[in-house]
Amino acid sequence: MNSEASAGPAEPQAEPQAGPQAGPQAEATAGEPAQYDDGFGAEIGVGPYPGPWPSGERYDRELLAAGDRRNVVDRYRYWTREAIVADLDTRRHDFHVAVENWGHDFNIGSVVRTANAFLAREIHIVGRRRWNRRGAMVTDRYQHVRHHPGTRELTDWAASEGLPIIGIDNLPGAVPLERTELPRRCVLLFGQEGPGLTEEARAHASMVCSIAQFGSTRSINAGAAAAIAMHAWVQRHADIPAPPAP
């Protein structure tokens, strides 16, 4: 996240996107693991299902037989990807996350992973279609990801859905996030590491919120800023479970 003025984005280039794939092994695209621990070091998750297999369409027979090493919470162990997405769709939150991607920012994967953790309704990639998925730790497979060639396309879509766009950047005139009541239904828009939000993005945002800083650094990491902003929405609007009784 950056407080300095940013130059206008380069003309986005059309890039190919892989078509839909099915099955736990077919899910992986070139260079990406089929399961979370493939190529990431220590083994995680669970092994083959012990005992008689559970019945139901939500269970993946390959995972039951071979084990489930994906980056998912325990309640989703051995479920198919489609079943997990369908279950998440029943309780997604009302905020969207949009990220400008004019220079193939390596932080986008981290933003996507956090958006999954806080259960954003959709993720919007603005600019280049390709983005660095490795940092997402394959969590993008459980999110709805929408691409917009430019800022205008994002703002037109948001207007059609009645969603205000809230920019996050430490800019002159920005209002403190800590003192702002974020709308329940909104798009949180983040710029990329270094330049921050583009001039066009700022112009189309309903408001821009800054994150309070107290040290010597002029900015914080874009992925960290996105996590702070999403958690601010969660604090205001999410249904937080009560702690278990002692």
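1. Buried here means under 20% relative accessible area, exposed over 50%, and partly exposed in between, with a 1.4 Å probe and protein chains only. Helices (H or I, at least four residues) and strands (E, at least two) are DSSP runs, numbered from the N terminus. With these terms, strand β6 is covered on both faces: C186, L188 and F190 are buried on one side, and V187 and L189 on the other. Since 5 of the 5 residues of β6 are buried, this strand is largely enclosed by the rest of the structure.

2. On the source: this is a predicted model, in which local features need pLDDT of at least 70 and side-chain atom pairs count only at pLDDT 80 or more, while totals for chains, interfaces and linings use all residues. Residues are numbered from 1 along each chain as its sequence is written, and side-chain values use heavy atoms, with hydrogens and water left out.

3. Overall composition. The protein has 6 helices and 7 strands. From the N terminus on, the elements run α-α-β-α-β-β-α-β-β-β-α-β-α. Of the 246 residues in the protein, 47% are buried. Contact means heavy atoms within 4.5 Å. Among contacts with a separation of 6 or more, 69% come from residues 24 or more positions apart.

4. The sheet. Two strands pair if DSSP finds at least two bridges between them. The 7 strands form an open sheet in the order β3-β2-β1-β6-β4-β7-β5, with parallel pairing. The edges are β3 (145-148) and β5 (175-176); each has a single partner strand, so one side of each is left without a neighbour in the sheet.

5. From β3 to β1. Strands β2 and β3 pair in the parallel sense over 4 bridges, with R146 in β3 as the bridge partner of H124. On the other pairing of β2, 5 bridges join it in parallel to β1, and A98 stands opposite H124. Because 5 of the 5 residues of β2 are buried, β2 is largely enclosed by the rest of the structure.

6. Partners of β6. Strand β1 pairs with β6 in the parallel sense over 5 bridges, H96 standing opposite V187. Strand β4 runs parallel to β6 and is joined to it by 4 bridges; here I166 stands opposite L188.

7. I166 in β4. This residue lies in strand β4 and is buried, with a relative accessible area of 1%. Not counting residues up to four places away in sequence, I166 touches L182, P183, C186, V187, L188, L189, M207 and C209. The C-alpha atoms of I166 and V208 are separated by 5.7 Å, although the two residues are 42 apart along the chain.

8. S210 in β7. Strand β7 also holds S210, which counts as buried at 15% relative accessibility. With residues up to four places away in sequence left out, S210 touches D169, N170, A174, V175, P176, L177 and E178.

9. Helices α3 and α6. Axes are lines fitted to C-alpha atoms, for helices over the stretch in contact, and angles run from 0 to 180 degrees between N-to-C directions. The axes of α3 (residues 108-117) and α6 (residues 222-237) come within 8 Å and cross at roughly 20°. That makes α3 roughly parallel to α6, where angles under 35 degrees count as roughly parallel, over 145 as roughly antiparallel, 65 to 115 as roughly perpendicular and the rest as oblique. The contact is made by S110, V111, T114 and A115 of α3 and A222, G223, A226, A227 and M230 of α6.

10. Burial of α3. In α3, 7 of the 10 residues are buried, so this helix is largely enclosed by the rest of the structure. The buried residues are I108, G109, V111, V112, T114, A115 and N116, and they pack against β1, β2 (123-127) and α6. After α3 comes L119, whose phi is positive, near 60°.
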